[in-house]
Amino acid sequence: MILKSQVEWALHCCAILAGLPEGRYLSTKALAEFHGLPKEYLSKALQSLSQAGLVNTTLGPSGGYRLARTPAELTFLDIVEAVEGKARTFVCNNIRANNPCRPQGYCESSPCAVSRIMWEADEAWRAKLRSVRLSELTEALAQEIPADLWKNSFEWVLERAG
């Protein structure tokens with residue numbers, strides 16, 4: 001399974017937005033510059049987050065994006081599904097019905113083992129993403145990123161936040 005690049009971008013942008021003070025917004029331009037991404041492509045990921053109700057947006061010179069909920073209320077799954085959608089990652093096309101050895105008109109009444117295993121794996125993956133909150137990501141980043149880089153990054157963001 002390969003997720004869109006926009007999933008990575010959305011997760012990183014949400015991590016940045018999680019640190020914004022109350023009432024402040026960060027523009028698409030600033031988020032794109034911070035991550036070295038094309039603004040036009042990043043805006044699509046941000047629009048997906050907005051349409052899913054995960055971020056609020058405002059227009060104007062001090063406009064941009066901010067989280068619509070607290071980082072503790074947002075899960076990785078919320079963000080991934082905002083970009084990728086909620087459809088299963090595996091679609092069964094029932095190719096077993098093409099078996100030339102099956103009697104004509106034979107039809108199984110339950111999904112095959114391949115489908116069941118793939119759907120179980122999909123649910124396990126979603127359960128893991130559902131169990132991780134954005135607040136946990138920001139805590140991990142605060143521990144993993146050197147203190148001076150963390151401070152400089154936060155200051156850079158605040159200088160550009162409206």
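**Rings, helices and burial**

Reply: Begin with a charge over a ring: the charged end of arginine 88 sits over the ring of tryptophan 119, 4.1 Å from its centre. The model is predicted.

Me: What makes arginine 66 count as sitting over the ring of tyrosine 25?

Reply: The charged end of arginine 66 is 5.8 Å from the centre of that ring. The cut-off is 6 Å, along with a limit of 35 degrees from the ring normal. Arginine 66 is listed as sitting over the ring of tyrosine 25.

Me: How many aromatic pairs does the structure hold?

Reply: The structure holds 1 aromatic pair. Phenylalanine 34 and tryptophan 156 form it, with 5.2 Å centre to centre and 50° between the planes.

Me: Why is the pair of phenylalanine 34 and tryptophan 156 called tilted?

Reply: Ring centres must lie within 6.5 Å to pair, and these are 5.2 Å apart. Planes under 30 degrees apart would be stacked, and over 60 edge-to-face. The angle here is 50°, so the pair is tilted.

Me: Which parts of the chain does the pair tie together?

Reply: Phenylalanine 34 lies in helix 2 (residues 28–35) and tryptophan 156 in helix 7 (residues 147–160). The pair therefore ties together parts that are 122 residues apart in sequence.

Me: Why is phenylalanine 34 classed as partly exposed?

Reply: Phenylalanine 34 has 29% relative accessibility. Buried needs under 20%, and exposed needs over 50%. The value lies in between, so phenylalanine 34 is partly exposed.

Me: What describes two packed helices?

Reply: Two packed helices are described by the angle between their axes and the distance between the axes.

Me: What makes glutamine 6 buried?

Reply: Glutamine 6 is in helix 1. Its relative accessible area is 16%. The cut-off is under 20%, so glutamine 6 is buried. Beyond four places in sequence, glutamine 6 is in contact with Tyr41, Lys44, Ala45 and Val83.

Me: Why is helix 1 called roughly perpendicular to helix 2?

Reply: Helix 1 and helix 2 pack at about 110°, with their axes 11 Å apart. Roughly perpendicular runs from 65 to 115 degrees, so the label applies to helix 1 and helix 2. The crossing of helix 1 and helix 2 is right-handed. His12, Cys13, Ile16 and Leu17 in helix 1 meet Leu31, Phe34 and His35 in helix 2.

Me: What makes helix 4 and helix 5 oblique?

Reply: Helix 4 and helix 5 pack at about 120°, and their axes are 6 Å apart. The roughly perpendicular range ends at 115 degrees, and roughly antiparallel needs over 145, so helix 4 and helix 5 are oblique. Phe76, Leu77, Val80 and Glu81 in helix 4 meet Trp125, Arg126, Leu129 and Arg130 in helix 5.

Me: Is leucine 67 buried or exposed?

Reply: Leucine 67 is in strand 2 (residues 64–67). Its relative accessible area is 9%. Buried means under 20%, so leucine 67 is buried. Among its contacts beyond four places in sequence are Cys14, Leu17, Leu54 and Leu134.

Me: Why is asparagine 94 called partly exposed?

Reply: Asparagine 94 lies in the loop between helix 4 and helix 5. Its relative accessible area is 34%. That falls between the 20% and 50% cut-offs, so asparagine 94 is partly exposed. Its phi is near 50°, a positive value in a residue other than glycine.

How values were computed:
Residues numbered from 1 in each chain as written. Predicted model: local features only at pLDDT ≥ 70, side-chain atom pairs only at ≥ 80, totals over all residues. Heavy atoms only, no water. Phe/Tyr/Trp six-rings, centres within 6.5 Å; stacked < 30°, edge-to-face > 60°. Helix = DSSP H or I, 4+ residues; strand = E, 2+ residues; numbered from the N terminus. Buried < 20%, exposed > 50% of the residue type's maximum accessible area, 1.4 Å probe, protein only. Contact = heavy atoms within 4.5 Å. Axes fitted to C-alpha atoms, helices over the stretch in contact; angles between N-to-C directions. Parallel < 35°, antiparallel > 145°, perpendicular 65-115°, else oblique. Left-handed = near helix turned anticlockwise from the far one by under 90°.
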